[in-house]
Structures are given as structure tokens and as C-alpha cells.
Amino acid sequence: MANRWIGSPVARLEDDRLLRGRGRFVDDIDLPGTVHAAFVRSPYGHARITDIDVSEALEIDGLVAIYLAEDLGNLNAPLPLTIPNPALTQPRTQMPLAADVVRFVGEPVAMVVARNRYVAEDAAAKVQVSYEQLPVAGTLERAVAGAGPVHEDVPDNVAARMVQHVGDPEGQLAQAPHRLELKLRIERSAATPMEGRGVVANLDRARGHLTVYCSTQSPSTIKAGLSVLLGLAEHSLDVIAPDIGGGFGVKLPVFYPEEVLVPFAAMQLNAPVKWIEDRREHFVGSNHERGQLHDVEVGFDDEGRVLALIDRFAHDSGAYCPYGVIVPLVTSARLLGPYKVPNYRSEATVVYTNALPVSPYRGAGMPQGAFVMERTIDAIARELGLDPADVRSLNFIAPEEFPYNQQVIDEDGTEMIYDSGQYEAGMRLALETIDYADFARERAEARAEGRLLGIGIGCYVEGTGSGPYEGVRVHIEPTGKVSVATGTSAQGQGHETFIAQIVGDRLGVNYEDVVVTTGDTSRFKWATGTFASRIGVVVGGAAAMAAEAVREKALAVAAHALEASPEDLDIVDGIVAVRGAPERSIPLRQVAILANPLRYAFSAEAVAATQFVGGSKEQPPPMGESPGLESTRFHTPPHATFASGAHAAIVEVDPDTGVVRIVRYVAIHDCGKMVNPAIVEGQVRGGVAQGIGGALYERMHYDESGQLLNASFMDFLMPYASEIPYIEVAHVETPSPLNELGMKGAGEAGALLPPAVIAAAVEDAVGAPVTHAPLTPGDVLALVQRGGLLGPRSGAAVAGAAQ
């Protein structure tokens with residue numbers, strides 16, 4: 001069975017619809033009689049609610065309802081902790097509506113429903129909430145120092161302490177010929193997808209059925225949760241994720257208050273209720289990520305071989321922990337990257353702050369781990385006067401050492417066992433692509449001209465394809481079209497296309513004849529969700545299995561009709577034919593009809609499938625088997641697959657303004673067998689762009705009172721197209737032994753390394769250590785002064801650095 005579509009960079013099927021404005025997003029759901037919700041949110045980082053007066057709001061014409069915590073009945077309880085963990089000894093989740101205390105700016109206090117959003121916003125502005133301000137731990141540093149407390153019953157603001165321990169790190173560190181200590185910081189940031197969050201809910205009282213449209217990355221999880229929270233039988237509830245304008249983790253099923261309150265209001269009011277997040281709400285109401293403080297001790301030998309590493313870090317959880325401790329757990333495990341670290345200890349302290357709660361953002365703890373490990377490797381090279389590439393080579397896991405057990409617990413609760421990889425090959429390809437060997441000359445020439453050029457490299461391992469499962473249903477219709485359904489939702493990754501390519505190859509049909517439905521629990525109930533670079537591996541594997549089962553059934557039915565053996569048949573371009581005798585053939589669409597013995601004929605082709613036609617060879621399916629060409633299969637991977645790669649960047653630093661210009665950026669990725677190289681490259685380039693944001697621009701800036709000072713695109717810096725260079729992408733292909741297709745994931749890869757690689761390049765340019773990300777121009781000016789490579793700068797530059 002030749003692969004015609006797998007491995008081909010075919011055009012994405014969904015793009016024609018999306019680019020022509022024919023997409024259907026949550027805000028496009030306009031049901032008759034819809035009323036609209038708006039929320040009253042806390043203006044304080046930490047305060048006690050002393051009174052809520054709704055009297056003026058009740059006088060607004062067009063008001064439908066106002067809900068406070070006391071109006072929610074059984075729903076007036078903490079929202080679910082979606083991923084428990086024994087280490088999380090002080091779990092706290094927020095209420096749908098704050099009842100007594102607010103703990104971050106933006107926390108919902110009241111929900112207002114009106115005939116349209118304008119009236120709802122006007123009424124919300126009339127709700128008067130009186131507060132008594134409380135002590136604030138607005139930043140991670142203040143929370144660690146004991147400010148607050150965020151929760152009165154949580155000592156020292158500590159939600160959890162987690163330890164990973166391998167070997168004898170303390171003993172080996174003490175004996176190491178060389179030791180270094182580093183303090184590293186990664187700032188709080190967040191996803192900013194083009195489409196914010198949104199929910200539309202409608203109760204069909206005649207059927208007793210609630211339909212919820214939600215811009216979620218896991219509609220099946222939202223359905224399961226709403227069933228419990230709202231007291232609904234699962235058969236009376238469906239959740240549909242239509243087209244979604246980006247997710248990046250912020251639309252994971254953390255059970256945001258709005259996702260519960262809008263369906264609740266629809267049931268109460270017997271009317272469709274709609275809420276669409278505005279951009280200000282997204283900044284203060286949709287979860288953030290990243291912020292961590294790391295203290296690293298590393299011991300190494302004269303050649304740069306890592307002997308022991310101890311990392312103690314504080315993780316900013318925000319005011320609550322709805323998604324458990326997944327992010328710091330991932331950081332502690334994936335920090336090891338592609339390297340052998342025989343003695344390792346990670347101590348993570350998860351800390352509550354009076355800021356927006358934290359849940360995964362593209363990379364989910366891996367960018368932090370990569371920043372720490374790559375900065376540590378660079379520090380070793382600098383200390384010993386060695387080439388950073390050579391130090392990496394010395395510490396790489398070699399191809400013959402796979403599978404390689406890092407002996408730490410990964411995010412799925414299993415031991416982190418790397419399945420395959422070619423780390424040295426990936427790095428060497430990156431170095432060759434960026435002309436690493438010639439860069440010393442280029443840098444020296446630039447410095448002679450008063451220009452600061454620097455180069456940085458980095459390597460990573462990306463956990464992908466984790467369980468517990470995903471499923472796919474494949475059905476060949478009598479038209480010859482192939483219908484495919486899966487419960488996972490898509491946010492722009494190209495799911496419809498790559499699934500169609502896999503199914504098309506297995507069934508011998510054009511991928512354009514495969515119609516894929518995603519994210520609708522009425523079409524496919526069982527699913528886990530779209531996150532953690534897992535869909536290609538897990539859904540792709542299920543699609544291959546389901547399509548293969550359908551193929552086997554189609555060949556059996558066709559063999560009966562053609563009086564041949566199934567082993568002698570091929571399917572090419574939708575035609576089943578005897579190998580070597582193409583005149584003996586039958587269209588796949590006819591096989592689909594024959595596979596469903598009929599009592600009634602509705603077309604000339606269907607006559608052959610009726611049970612009472614003279615000479616008909618068709619028989620009912622065997623007892624217990626289903627008619628038709630259809631199969632549902634589930635893929636349950638034993639543990640994650642591990643993609644890998646290497647990045648390299650050349651930057652130029654303006655010594656007078658502190659502006660960093662990326663001259664070249666190279667990204668090498670190894671995700672095993674690529675189903676669609678164009679989609680993979682799009683994922684890598686998009687991830688690198690986000691990673692550049694984390695390296696130089698994107699920071700959620702909270703002050704000591706818990707106010708988010710840059711909650712708009714006027715103030716929150718993001719890279720534009722003018723800041724993103726052409727990203728040179730190349731591939732190494734090391735198949736995974738864990739699935740038939742040899743696939744690994746690619747969704748988060750590009751975002752993991754840019755902060756570390758750009759930090760290394762800036763450090764190389766200015767001659768001073770870089771220990772945090774993102775780097776502002778002011779930060780860079782200070783580094784220029786510290787490095788002193790170009791001598792004293794102008795007074796203006798010195799003043800800028802001081803600021």
C-alpha cells in the first residue's frame with residue numbers, strides 16, 4: 001500500500017472556507033431570541049466584598065437578569081480542579097462568581113443578562129460593588145517573600161512542593177571539579193489568539209436538550225463537566241466547538257466561570273444566552289502562564305560534562321490552580337532536554353499570587369525548562385572557554401542509547417522515556433545552515449565597524465503524543481465520499497487535512513474526497529482534547545486504524561462481488577480492482593452499497609444490494625457485526641513520543657537604543673514521519689514567532705497592588721511581521737517506534753527555544769550574561785554597559801540603561 005498523500009505538502013482543505021470568510025466561529029452563532037451576557041469584574045487585586053447594590057441596574061430598559069453568587073444555588077461552589085496531584089496539598093479554585101473575597105483584577109463578581117451586549121454592559125456599569133482592600137501579593141517575588149496572604153488558610157502562599165530526584169546530585173555536586181550557580185527568571189506572559197473566548201448556550205425544552213457552542217480545546221471535557229455541574233444527563237447535553245481562531249492553551253478546559261454561567265443562565269431563562277469575550281476581558285480574565293524564578297547549581301568536569309544539577313524554582317500559579325500543577329511538573333521533567341544528567345534534583349514550589357490564574361500556554365513549562373538548561377550549558381562553555389556546540393555534543397544522548405529513561409515523572413504520571421532521536425544530527429544541521437563555522441570572522445568584522453553581532457544556539461526535546469486516548473470513526477458513503485469524525489477540536493492546525501491524508505492513503509481515495517468533522521460531541525462523544533502536540537500522533541493513529549479496518553471490510557465485500565481473494569485486490573482512486581486484471585473492478589461507492597444489504601432499492605446501484613433480487617450474492621452481515629463500511633477505533637499510546645530539534649540565531653544589538661534585530665533564525669525539527677511537511681513548517685514558524693515574543697517583547701506586567709498595567713494591545717508588546725525574520729526551517733526524520741506511522745508531534749516545538757537562543761545571541765553580542773526573558777531595550781542597554789565591548793556609550797544611552 002503506497003503512500004500517495006502521507007508525506008505530501010498538499011493544500012489545506014479548511015483554508016478555502018476560512019480565507020473566504022465562510023468559517024463559523026462562536027460569535028457567528030445567532031439564534032432567534034438570543035440574549036447577551038456581560039460580567040462585573042473586580043477592579044482590585046485582593047479585596048473583601050462588603051456589599052453589592054443592583055438597584056440602579058434593575059432600572060435599565062432591556063435588562064433580563066442579574067446573577068450574584070447567592071443566586072446560583074448548588075453552582076455556588078468552587079469550580080473543578082481539573083488535574084489533581086498528591087503534591088498539591090493546598091488546592092484552591094475560584095467560585096463561578098466571587099461571594100466574599102476577590103483575589104485578582106478581573107475576577108467575576110456578577111453576571112448581567114440583557115437584550116443585547118450594549119444594554120448588558122450599561123447595566124453592568126450600574127452594579128455598585130463595595131470593597132475592603134486586603135494585603136496584596138501582586139508578583140511572584142512578593143508572594144515568595146510572604147506578602148498577602150492570597151488565601152488566609154494557605155501558609156506562605158504555597159500551593160504545592162514537588163521534588164524530582166535522580167542519583168546523588170548533592171554528593172556529586174560537592175565532588176565536581178567545577179561548580180556554577182545561576183539565578184534565572186522567566187516573566188509571566190500569555191496567549192493572545194485572534195479570537196477570544198466565547199460561549200453560546202441554548203436549551204430546547206421540547207427535547208430537554210442543552211446545546212453549548214464553546215471556543216474550547218476540549219468540547220468533550222466541557223460536556224462531561226457541565227453534566228455534573230448542571231445536573232444534566234449526558235444524553236441531554238452536547239458541546240460543539242466550531243471554527244476556533246487560535247487556542248495555544250488558553251482555551252483548555254479549565255472551566256472558566258463563563259463556560260458554566262452562560263449555560264446556567266440559558267436553562268434559567270429558557271432563552272439562548274451569548275457571551276463573547278472582548279480584548280480587555282481576555283487580558284484580565286483568560287489565564288496566563290510562564291512566570292518562574294530558578295536557582296541553579298551545576299557541577300561539571302574539565303571537558304564540560306554535566307555531573308550533577310540541582311534546580312530550585314518558584315512557579316507563579318496566580319490566585320488559583322484550576323489546572324493543577326502540570327506546568328511546573330513539565331518544567332521539572334522536560335528541563336533535562338536532550339542531555340544526560342546522571343544526578344539531578346528539581347525542587348518546585350508552586351506559589352499563589354494575586355494575579356490571573358495560570359494554566360498551560362504553548363509549551364506548557366517546556367520553554368522555561370529549555371531556558372534554564374540551555375543557559376546553564378552556555379554558562380559551562382563560557383566558564384571553561386569552550387565552544388557551546390562542543391559542550392552540547394559531549395552531553396547528548398546518543399542514538400544507540402534509545403529508548404532512554406530520564407528517571408523522572410512526566411506530565412502524564414509515567415516515567416519520561418525518550419523513544420528515539422538524533423540530537424547531534426539536528427544540531428549539526430542547524431550549525432551548517434547558519435554558517436556557524438564562519439561566524440567568528442563575521443562578528444569580528446562587525447565589531448571593528450562598531451556593530452554588535454552575536455550568535456546563539458540551543459537544543460530541545462518536546463514531549464508529544466501523550467494519552468490517554470483519542471478516537472476516530474471512518475465511514476464510506478454510497479456516494480464514494482468518506483466521512484470521518486473525531487471528538488477533538490481544531491484551532492487552525494490543519495486537522496481536517498492531515499486526517500484526510502492518512503485516511504485517503506489507507507482507503508486508496510483522493511484526500512479531497514474525505515470530509516472530516518471535529519469538535520462536536522453529537523457526532524463523536526469520546527475524546528480527550530487538543531493540547532500538548534498530541535493530535536497528529538493520537539488522532540492520526542486512530543484514523544489509520546479505523547481506515548485500515550474499513551479497508552479490510554471493503555476488500556472482503558469486493559472480493560465476494562468480484563469472485564476473487566481479498567489479498568489479490570488493490571484500491572486505487574476509489575476503484576477496487578484485481579491486481580493484474582484491472583478490467584475486473586468495482587467502484588468503492590458500489591462496495592459501500594453492497595456492504596449494507598437492503599430491503600428497499602432507491603437507485604439502480606442499490607438494486608444489487610436488495611435481499612430478494614434474483615441472483616443477488618449479497619448476504620446480511622454476520623451476527624454481531626455492523627452493516628456498511630464503517631469502523632471506529634481508538635489509539636491509546638503507552639506514553640509520550642519525544643520530538644526534538646535545534647535552533648540557531650544571529651542578532652544585531654543597537655548599542656544606543658538597546659533594540660535587538662534578528663538577522664537570521666534557523667529552526668531544525670525532528671517530528672518523525674511528517675504527514676504534511678507544509679503544515680509542520682507552518683507550525684514551527686508560528687511557534688518561533690511566539691517564542692520571539694517571549695524572548696524580546698511579551699510580558700504581563702503586574703504592579704505590587706495586583707494591577708495589570710499593560711492590559712491592551714497599546715501597551716502589551718507583541719512582535720509584528722516587521723520583527724519576525726524569515727525563519728529557515730529544515731528537518732531530521734527519526735521515526736517513533738511507538739506508533740505505526742512513526743509520527744511525533746510538532747505543535748509546540750517552535751516556541752520552546754527562542755528565549756534561550758536569543759538570550760545566548762545577545763550575550764554573545766554584548767559580552768555580558770543574560771539571565772532573564774524577555775529582554776527589553778532597557779535591559780539590553782544595561783547589558784551593553786556591563787559588557788563594555790565598545791567602550792563608554794553616549795550619555796543618552798547610559799541614561800536609558802539606568803532606566
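**Surface, fold and cavities**

Guide: The protein chain exposes about 29900 Å², and carbon and sulfur atoms supply 52% of that area. Keep in mind that this is a predicted model.

Visitor: What share of the residues counts as buried?
Guide: Of the 803 residues in the protein chain, 61% count as buried.

Visitor: And how many helices and strands are there?
Guide: The protein chain has 22 helices and 29 strands.

Visitor: What about the radius of gyration?
Guide: The protein chain has 29 Å, which agrees with a compact globule, because a globule with 803 residues would have a radius of gyration near 28 Å. Along its principal axes, the C-alpha trace spans about 100 × 70 × 50 Å.

Visitor: Different topic. How many cavities of 30 Å³ or more are there?
Guide: The count comes to six. About 150 Å³ of space lies in the largest cavity. That cavity is lined by 15 residues, and the closest to its centre are Ile 186, Arg 290, Pro 367, Gly 694 and Pro 755.

Visitor: Which elements give two or more residues to that lining?
Guide: Those are α10 (366–384) and α18 (677–696). The largest share, three residues, comes from α18.

Visitor: What classes of residue line the largest cavity?
Guide: Its lining has eight nonpolar, four polar and three charged residues.

Visitor: And the second largest cavity, what volume does it have?
Guide: The second largest cavity has a volume of about 80 Å³. Its lining includes Leu 79, Phe 255, Tyr 320 and Pro 357. By class, that lining has eight nonpolar, three polar and no charged residues.

Methods:
Residues numbered from 1 in each chain as written. Predicted model: local features only at pLDDT ≥ 70, side-chain atom pairs only at ≥ 80, totals over all residues. Heavy atoms only, no water. 1 Å grid on protein atoms, 1.4 Å probe; cavity = no way out; pocket = protein on both sides within 12 Å on 5 of 7 lines; lining within 4 Å. Points joined across faces, edges and corners; volume = space filled by probe spheres on them. Helix = DSSP H or I, 4+ residues; strand = E, 2+ residues; numbered from the N terminus. Nonpolar A, V, L, I, M, F, W, Y, C, P; charged D, E, K, R; others polar. Rg over C-alpha atoms; globule rule 2.2 N^0.38 Å. Buried < 20%, exposed > 50% of the residue type's maximum accessible area, 1.4 Å probe, protein only. Areas by Shrake-Rupley, 256 points an atom, 1.4 Å probe, with all protein chains shown as cover.
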